Protein chains: 2
Amino acid sequence: MSDIAAKVKVIAFDVFGTVVDWHGSVSREVADMNLGVDPGKFALAWRAGYKPAMREVMDKGEWVILDALHRRILDKVLTDFGLDSLPEQERQHLNLVWHRLDPWADSVEGLTRLKSRFIICSLSNGNIGLLTEMAKHAGIPWDCILSAENFNKYKPHPDTYHGVVRTFAAEPGQVMFAAAHHSDLEAARCCGLETAYIERPFEYGHNKPKNVAPWSANTLHATSIVQLAELLDC
Amino acid sequence: MSDIAAKVKVIAFDVFGTVVDWHGSVSREVADMNLGVDPGKFALAWRAGYKPAMREVMDKGEWVILDALHRRILDKVLTDFGLDSLPEQERQHLNLVWHRLDPWADSVEGLTRLKSRFIICSLSNGNIGLLTEMAKHAGIPWDCILSAENFNKYKPHPDTYHGVVRTFAAEPGQVMFAAAHHSDLEAARCCGLETAYIERPFEYGHNKPKNVAPWSANTLHATSIVQLAELLDC
């Protein structure tokens, strides 16, 4: 067994972009609605509102779950795309597309293999209800759903990474955080966690390939969650 | 489909005594340790410290997880049973027996059937780490683990039952709470939840059968979680 596989007890995963394909899933639902807009651009605009909205919550210090932030951003994006006439019921349904995201092709197999040896959990800015419905939709076999909502802080606040460590009464080095985003991994590393980068070159769509070059600071670098399972002898 | 099955979206379960057999599991591990004490009486004494310890936490208003309360009670029970000489390492191991409780014979099948139609989650005073390791040990297929730790309140505080409702953006009547304890069900009912009683006549061991007579206030009464699944058309 590799040293790292012997030491790690828990693997926590970022979800949006790492386990599920938000851009493809949102684009497909928007396309199916025949709104007369570019579905890929709509998805990107919606997601672009995500970080500023979370920063505002953290600055104000009053907790707001991601479902509510998604809705605020959606209303603005609909206006920007000239879709002010979209009825309330359709807005509510569309807002929950984040509960219906599809997994990347390797996610369920990779997580199932990792689950045989490690505790696998989410550590996502999505709220608990969102992550639960997504896991049911996508067949994601979490041992436990952990969310920013557990800690009333959005990543990259250190309380979220420390929160996983504390939840499982672990040492920081017994927890590995896996994500497709170097900034998220860097924040976890600052809290003493091991880190694994997962390549998701098409997170922003096939028209906007992402640089997935390795950073040497990460403990592991994998082309997929299945490859992460292989690197960890699962 | 029955009216109640059509209305309910989430079923939250009490865990100790309802899904897992704490008395049998703790007794077996204590017996295996050959401590020279009555294992059943030891298990009962340990569990008897549970409610007063939680009440003390709620009175003081400073959150303490159940693993820590279990350890405080264990140290006292060891003294009461003349086992002050038990080494620290064995105390730590024994304290985690609550992470290794075995399910009742029908629990995994019943929950798996219910999961096909409903969101199934725990609502237990056990901490999240405890419930996660228990689910892994026992093969319990939760969609989501919810714990007193999510709400920093122990049941029967209303925040716990309301917390499940809020987590899933549901109406109270869309959530059913299932337990083997009428007092827990009564507290959930006061928060507007539907309730299901599960008969567990030997929760306190085969020498101390429990009265499992129905209370008419409960929505459903079942002899097992498999029967609950049948009553809900699963």
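## How the two chains meet

In this predicted model, chains A and B come together through the same surface, because 100% of the interface residues of chain B are also interface residues in chain A. The contact involves 13 residues of chain B and 13 residues of chain A. On chain B, helix α8 (128-138) and strand β3 (144-147) each supply at least two residues of the side that touches chain A. The largest share comes from α8(B), with 5 residues. Sorted by class, that side of chain B has 7 nonpolar, 4 polar and 2 charged residues.

How do you get from one chain to the other?

## Two domains in chain A

Chain A splits into domain 1, made of residues 3-21 + 102-231, and domain 2, made of residues 23-99. Taken over C-alpha atoms, the centres of these two domains of chain A are 24 Å apart. Where they touch, 18 residues of domain 1 of chain A are in contact with 14 residues of domain 2 of chain A. Helix α8 of chain A (residues 128-138) gives the most to the domain 1 side, with 4 residues. By class, the side of domain 1 of chain A that touches domain 2 has 5 nonpolar, 8 polar and 5 charged residues.

## Inside the core

Which residues touch the most other members of the largest nonpolar core? They are Cys121(A), Phe177(A), Cys121(B) and Phe177(B), out of 142 residues in that core. Take Phe177(B) and set aside its neighbours within four places in sequence: its contacts are then Ala12(B), Leu123(B), Tyr161(B), Leu185(B), Ala188(B), Leu193(B) and Thr195(B).

## A helix with a buried face

Now look at helix α3 of chain B, residues 39-48, where the buried residues are Phe42(B), Ala43(B), Trp46(B) and Arg47(B). Looking down the axis of α3(B), you find these buried residues within an arc of 130°, so they line one face of the helix.

Some backbone details are worth a look, since most residues other than glycine have a negative phi, and most peptide bonds are trans. In chain A, a cis peptide bond joins Lys155(A) and Pro156(A), with omega about 10°. Pro156(A) sits in the loop between α9 (148-151) and α10 (158-167) of chain A. Chain B has a cis peptide bond between Lys155(B) and Pro156(B), again with omega about 10°, and Pro156(B) is in the loop between α9 and α10 of chain B. His157(B) lies in that loop of chain B too. With 16 C-beta neighbours inside 10 Å, His157(B) counts as partly exposed.

Then there are positive phi values. Ala169(A), which isn't a glycine, has a phi near 45°. You'll find Ala169(A) in the loop between α10 and β4 (175-179) of chain A, and it counts as partly exposed because it has 17 C-beta neighbours inside 10 Å. Asp233(B) has a positive phi as well, near 60°. This residue comes in the segment after α12 (225-231) of chain B. Is Asp233(B) buried or exposed? Asp233(B) counts as exposed, with 12 C-beta neighbours inside 10 Å.

Conventions
Residues numbered from 1 in each chain as written. Chains lettered and ligands numbered in written order. Predicted model: local features only at pLDDT ≥ 70, side-chain atom pairs only at ≥ 80, totals over all residues. Core = buried A, V, L, I, M, F, W, Y, C linked by C-beta atoms within 7 Å. Buried ≥ 20, exposed ≤ 12 C-beta atoms within 10 Å, placed from the backbone. Contact = placed C-beta atoms within 7 Å. Nonpolar A, V, L, I, M, F, W, Y, C, P; charged D, E, K, R; others polar. Domains from an automatic or database assignment. Arc of directions from axis to C-beta.
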